[in-house]
There are 2 protein chains.
Amino acid sequence: MKHTDRASGVWPPATMPFRPDLSIDFDRYIEHCRALLKGGAHGLAVLGTTSEANSLDFTERQTTLEKLVSAGIPAEKLLPGTGAPSIGDAVRLTKHATSLGVKGVLLLPPFYYKGVSDDGLFAFISEVIARVNDPKLRLYLYNFPQMSAIAYSPDLIGRLIAKFPETVVGLKDSSGDVAYVNTLLERFPGFAVFPSSEALLLAAMKKGAAGCISATANTNIGPISKLFDTWNSAGAEELHRQVSAVRNLMVKFPLIAGIKAVVAEQTGHKDWARTRPPLDPLSSAQTKELLGELKKLDAGALV
Amino acid sequence: MKHTDRASGVWPPATMPFRPDLSIDFDRYIEHCRALLKGGAHGLAVLGTTSEANSLDFTERQTTLEKLVSAGIPAEKLLPGTGAPSIGDAVRLTKHATSLGVKGVLLLPPFYYKGVSDDGLFAFISEVIARVNDPKLRLYLYNFPQMSAIAYSPDLIGRLIAKFPETVVGLKDSSGDVAYVNTLLERFPGFAVFPSSEALLLAAMKKGAAGCISATANTNIGPISKLFDTWNSAGAEELHRQVSAVRNLMVKFPLIAGIKAVVAEQTGHKDWARTRPPLDPLSSAQTKELLGELKKLDAGALV
């Protein structure tokens with residue numbers, strides 16, 4: 001089976017800027033997306049957790065995609081999140097994104113009910129695929145049990161691939177569970193698996209991963225995309241150490257707020273530091289500490 | 001301060017019937033709601049967890065309320081759930097419900113992000129109230145950490161009551177944490193607190209609770225509403241034992257699916273047993289066991 005249409009590379013989950021009234025600053029968002037692509041990103045995993053997509057309303061999630069495509073960001077470089085707790089909303093968001101020509105969609109499991117069975121998840125996803133009813137649909141499962149409290153088990157993934165081999169083509173793992181990622185890579189060759197951290201990228205590439213979808217790629221895209229492009233070369237270990245050091249520092253702070261604080265510093269636009277409730281921005285003290293520590297790492301291009 | 005407009009009594013979270021194609025069977029739903037009111041319910045907490053509201057899409061949640069009101073169910077007997085992970089969606093659902101004249105709304109916290117601070121929740125709810133901007137809004141917090149993974153802490157509730165004394169008027173507690181409920185009843189006299197179980201109703205009434213919003217009231221409304229109406233009388237203890245025995249049996253099975261299986265038996269309409277994915281219906285064996293055990297309890301009016 002050919003898998004030439006599957007996503008690969010470093011796809012940053014582009015963070016979203018909000019104005020003082022909490023509305024989306026689309027111009028600044030488009031500017032950030034363009035900068036990531038220019039900086040080496042192979043595509044953009046927009047409207048995921050780092051984009052605060054679940055803090056956007058139903059209409060805003062669709063408008064965001066339309067604005068990006070209208071601005072000339074190629075739709076085939078977009079992997080938007082279209083998950084929702086209800087079949088109906090997930091279908092509408094997925095249909096809309098697919099009709100715009102995106103590379104694929106990242107689907108969270110229905111994240112309200114807890115203790116849901118694999119049978120229930122299988123029924124949910126089967127129903128979504130049946131109702132979207134579009135041969136162009138490429139679905140990447142979005143595994144993030146720390147947020148959704150529901151995991152895509154390897155057995156469930158095997159059932160989905162068997163039933164929808166041309167549709168269920170990959171997975172982003174945000175659990176950080178290396179054993180889980182390795183199990184998927186071993187059991188499902190050709191399935192496009194993306195760990196969520198550049199610190200796991202090199203080891204995962206050696207086992208056949210598709211790349212990574214990492215929040216911290218928002219602030220460090222150059223070195224991370226270079227690591228992907230050269231992972232099989234002599235300098236890869238040193239590059240791995242560099243990007244991992246930055247990553248390991250970033251995750252000591254609330255991740256989404258921390259990324260936004262760094263982007264605010266990088267761009268000189270203080271509004272970038274704003275989050276939508278219920279997320280809090282970093283405090284001034286946290287921001288100062290994070291930026292100071294980044295400078296010590298000689299991550300000079302960043303801050 | 002007068003609190004004559006605050007909800008009290010037994011408000012069942014009316015369960016939703018789905019057709020074979022998973023669409024809502026509105027006629028049957030209205031019939032069930034009428035039966036609950038006729039059976040003694042003081043009102044209906046529609047569109048909560050038991051109603052599978054988060055498995056309904058954004059439009060269905062609004063249509064459901066409109067259908068109920070059009071069918072002649074008094075709006076002031078409705079406490080719909082209007083929570084959503086985003087401010088925008090929560091505002092639209094809350095505005096819509098308030099404009100229909102409902103008694104109040106039950107608001108889940110934003111349930112996607114985990115580890116959210118009290119400050120973040122306070123900002124979220126303050127923003128929802130400001131944007132709904134309707135003096136008729138009466139907000140009941142919906143505390144269900146087992147599903148939302150976020151709790152309304154007593155300190156946060158105190159801050160909300162202090163800022164919005166006429167708006168933030170009550171809480172449904174689905175955590176089952178008696179100490180939490182007692183803390184709220186002690187700290188916030190006049191705040192309308194509803195435990196989620198009839199087994200906790202009698203003890204809670206003695207401490208000043210407003211009633212209960214219990215899933216299992218869907219199948220046993222007569223005795224439970226009688227317990228509320230007569231809690232301060234001689235027969236209350238015996239009634240408490242009876243309704244608690246039924247409740248304690250019901251919660252041994254997946255609760256929502258179990259309630260639907262019993263309603264299917266009570267009404268003779270097998271379609272009632274259907275759930276929307278990701279929830280599974282009871283298996284035949286589970287259904288047989290549940291109905292058999294209920295009969296043994298001499299809950300004869302039920303099955």
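Select B:Tyr140 and then the residues in contact with it, contact being taken as C-beta atoms, placed from the backbone, within 7 Å: leaving aside neighbours within four places in sequence, these are B:Leu79, B:Gly104, B:Val105, B:Leu106, B:Val169, B:Gly170, B:Leu171, B:Lys172 and B:Ala192. The model is predicted, so local features need pLDDT of at least 70 and side-chain atom pairs count only at pLDDT 80 or more, while totals for chains, interfaces and linings use all residues. Residues are numbered from 1 along each chain as its sequence is written, with chains lettered from A and ligands numbered from 1 in the order in which they are written.

Next, select residues 26-38 of chain B, which form helix H1, helices being DSSP runs of H or I with at least four residues, numbered from the N terminus. Its buried residues are B:Tyr29, B:His32, B:Cys33 and B:Leu36, where buried means 20 or more other C-beta atoms within 10 Å of the residue's own, and exposed means 12 or fewer. Seen down the axis of H1(B), these buried residues fall within an arc of 100° (taken from the directions from the helix axis to the C-beta atoms), so they line one face of the helix. After H1(B) comes B:Gly40, with a positive phi near 120°.

Note on methods: Contact = placed C-beta atoms within 7 Å. Helix = DSSP H or I, 4+ residues; strand = E, 2+ residues; numbered from the N terminus. Expected span 1.5 Å × (residues − 1).
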